[in-house]
Amino acid sequence: MLELEMKGAGGREAERAVGERSEAAGGAAAARAPDPELVERPLRRRFSAQYKLRILREAEACTRLGEIGALLRREGLYSSLLTEWRRAREAGALQALSRPRGRKPPDPRDARIAALERRAARAEAELEKARRVIEVQGNVSALLGQLLEPRGAIEPGSTER
């Protein structure tokens with residue numbers, strides 16, 4: 001079998017299934033074996049609205065038994081995706097199909113409201129501080145007024161001595 005692969009038609013190597021190695025390339029492939037400790041995280045596939053609509057049109061054009069299954073195998077899709085995409089198309093055509101997944105972006109008005117609330121709280125704190133300062137100044141003024149009154153002066157009509 002190995003000789004047939006090496007000789008092949010016209011000296012070319014025959015096609016091999018994924019994972020098969022020839023003995024000639026065995027040393028180089030073994031040196032680059034993936035590290036079993038590191039597992040690559042698969043990336044989530046994303047489908048554009050145009051792709052979804054194209055696949056739905058192709059699926060609706062399938063009339064014979066097994067054509068939809070062949071379409072799904074060819075594209076690497078699940079039948080549940082067709083169902084989900086049909087519902088989305090019926091709910092709102094391209095807007096529903098092109099809606100991005102995940103968390104919605106924050107409303108810029110929320111950030112503005114939060115900034116204005118912080119500003120109002122800061123102004124309230126400064127106002128309260130100013131009121132306390134004015135109250136203390138009034139108390140100091142009254143106290144100084146009492147201390148600076150002449151003691152020896154007797155007011156007319158007063159019975160103090």
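1. R74 is exposed, at 55% relative accessibility. Here exposed means over 50% relative accessible area, buried under 20%, and partly exposed in between, using a 1.4 Å probe and protein chains only. R74 pairs with E75 in a salt bridge, with the closest N and O atoms 3.2 Å apart. A salt bridge is a side-chain nitrogen of Lys or Arg within 4 Å of a carboxyl oxygen of Asp or Glu.

2. A word on the basis. This is a predicted model, in which local features need pLDDT of at least 70 and side-chain atom pairs count only at pLDDT 80 or more, while totals for chains, interfaces and linings use all residues. Residues are numbered from 1 along each chain as its sequence is written, and side-chain values use heavy atoms, leaving out hydrogens and water.

3. How many salt bridges are there? The count is 6.

4. R54 and E58 form a salt bridge, N to O, at 2.7 Å. Both belong to helix α3 (residues 49-61), 4 residues apart, so about one helical turn separates them. Helices are DSSP runs of H or I, at least four residues, numbered from the N terminus. R54 is partly exposed at 33% relative accessibility. E58 is also partly exposed, at 25%.

5. These pairs connect. R54, E58, R74 and E75 are linked in a network of salt bridges.

6. R64 and E67 make a further pair to check. Their salt bridge has its closest N and O atoms 3.0 Å apart. R64 is exposed, with a relative accessible area of 63%, whereas E67 is partly exposed at 23%.

Terms used: Helix = DSSP H or I, 4+ residues; strand = E, 2+ residues; numbered from the N terminus.
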